[in-house]
Amino acid sequence: MSAAGGFDAVTTPVSQVHRLSGRTHFARLNQLLVDNPPNPADAAFVERLSRLGISPGARLDDQPQDVLAALGHYGTNYAKRAMVTWVGYGGSLDVDALYPHATDDGDRRPLDGAHRYLLHFAAGQTPPVRGF
């Protein structure tokens, strides 16, 4: 059941957040940070997040797609270890594997299983493969 204004008053907030795509989640976070600015004491952390495109009013459309790196090297970064474990069974070291990640096609439309995609590398520009 929806409440006035289109808000879902039945589904728990945690369930609503888990249903969002990553791009939608962080786009919404950037929008919410405009009216709910971070505490000045969090300035160092906010600066780190800004390198990922997370900051008040930032547009994710302007952000490059990621290659997830250093997934298998955690050191004492327990939050990273927990995040990687939450989405999978850990990660390999960068010398063994990189994990390209994309959510949009070349025209910035969300990837959709109803379409076929082709990944093209220019001559001489293929990634090095020595593990298989």
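Helices here are DSSP runs of H or I with at least four residues, and strands are DSSP runs of E with at least two, numbered from the N terminus. The model is predicted.

**Overall layout**

On that definition, the chain has 4 helices and 2 strands. Their order along the sequence is α-α-α-β-α-β. The chain holds 132 residues, and buried residues make up 9% of them. Among contacts with a separation of 6 or more, 40% join residues 24 or more positions apart.

**Before helix H1**

Threonine 11 sits in the segment ahead of helix H1, which spans 13-19. Is threonine 11 buried or exposed? Threonine 11 counts as buried, because its relative accessibility is 19% and the cut-off for buried is under 20%. Its side chain makes a polar contact with the side chain of aspartate 8, at 2.6 Å. Threonine 11 also touches Gln16 and Arg19, leaving aside residues up to four places away in sequence.

**Between helices H2 and H3**

Asparagine 36 is in the loop that joins helix H2 (22-35) to helix H3 (43-50). Asparagine 36 is partly exposed, with a relative accessible area of 48%. A polar atom of its side chain lies 2.9 Å from the backbone oxygen of leucine 32.

**A nonpolar surface patch**

Which residues form the nonpolar patch on the surface? They are Met83, Trp86 and Val87. Together they have about 380 Å² of accessible area. Valine 87 belongs to helix H4, residues 78-87. Valine 87 counts as exposed, because its relative accessibility of 59% is over the 50% cut-off.

**After strand E2**

Aspartate 105 is in the segment that follows strand E2 (99-101). Aspartate 105 is buried, with a relative accessible area of 15%. Its side chain reaches the backbone nitrogen of aspartate 107 at 2.8 Å. Aspartate 105 touches Leu111 and Tyr117, again not counting residues up to four places away in sequence.

Side chains of opposite charge can pair when their charged atoms come close. How many salt bridges does the count come to? The count comes to 2 salt bridges. Asp105, Asp107 and Arg109 are linked by them in a network. The pairs are listed here.

| Salt bridge | N to O distance |
|---|---|
| Arginine 109 with aspartate 105 | 3.3 Å |
| Arginine 109 with aspartate 107 | 3.2 Å |

Aspartate 105 is buried at 15% relative accessible area. Arginine 109 is partly exposed at 49%. Aspartate 107 counts as exposed, because its relative accessibility is 56% and the cut-off for exposed is over 50%.

Most residues other than glycine have a negative phi. Arginine 108 counts as exposed, with 53% relative accessibility.

**Recap**

Threonine 11 and aspartate 105 both count as buried. Threonine 11 has a side-chain partner in aspartate 8. Aspartate 105 has a salt-bridge partner in arginine 109. Valine 87, aspartate 107 and arginine 108 count as exposed. Asparagine 36 and arginine 109 are partly exposed.

Technical notes:
Residues numbered from 1 in each chain as written. Predicted model: local features only at pLDDT ≥ 70, side-chain atom pairs only at ≥ 80, totals over all residues. Heavy atoms only, no water. Patch = residues over 30% accessible without salt bridge, like charges linked within 9 Å, V, L, I, M, F, W, Y side chains within 5 Å. Areas by Shrake-Rupley, 256 points an atom, 1.4 Å probe, with all protein chains shown as cover. Salt bridge = Lys/Arg side-chain N within 4 Å of Asp/Glu carboxyl O. Buried < 20%, exposed > 50% of the residue type's maximum accessible area, 1.4 Å probe, protein only. Contact = heavy atoms within 4.5 Å. Polar contact = N/O pair within 3.5 Å; in protein donor to acceptor, adjacent residues only side chain to side chain.
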